[in-house]
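Hi,

Here is the structure I promised to pass on to you. Please open it and keep it beside you while you read.

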Amino acid sequence: MKTKNNLKSLDQFIDEQYGEKGTAKRETLEEGFESFKLGIMLQQARIERGMTQEELAEKCGTNKGYISKIENDIKEVRLSTLKKIVELGLGGQLELSIKL
């Protein structure tokens, strides 16, 4: 769907640059986005709780640098650690789903 100024929707741009869903290049993009999204979600939850990275780290038994690396998509997080961060650190509940 193009407008008067030849603007494209985000979906059109992604399709053109990375291919249709199901292609290898597109899958790589989407996997990277999911990892990035997790860090942003944790950061937003921490900020909503009014916590610093240091406070969150202390509550869940890790360090500020590790929390920062997760939030900035520099470090992958283990599921057991993610559960500690969400439940012990943020007082939340971790929910997972599988889409087929």
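Below is what was found in it, starting with the inside.

First, a word on the source: this is a predicted model, in which local features need pLDDT of at least 70 and side-chain atom pairs count only at pLDDT 80 or more, while totals for chains, interfaces and linings use all residues. Residues are numbered from 1 along each chain as its sequence is written, and side-chain values use heavy atoms, with hydrogens and water left out.

The largest nonpolar core has 12 residues, including Leu42, Ile70 and Ile85. (Such a core is a set of buried Ala, Val, Leu, Ile, Met, Phe, Trp, Tyr and Cys residues joined through side-chain atoms within 4.5 Å; buried means under 20% relative accessible area, exposed over 50%, and partly exposed in between, with a 1.4 Å probe and protein chains only.) Helices α3 (53-60), α4 and α5 each give two or more residues to this core; helices are DSSP runs of H or I, at least four residues long, numbered from the N terminus.

Ile70 is worth a click: leaving aside neighbours within four places in sequence, Ile70 is in contact (heavy atoms within 4.5 Å) with Gly39, Leu42, Lys75, Val77 and Ile85.

Next, look at Asp73, in the loop between α4 (64-71) and α5 (79-89). Its phi is near 55°, a positive value in a residue other than glycine. Asp73 is partly exposed, at 31% relative accessible area.

Gln44 lies in α2 (residues 24-48) and is partly exposed, at 45%. Phe13 sits in α1 (residues 10-18) and is also partly exposed, at 41%.

Happy exploring!
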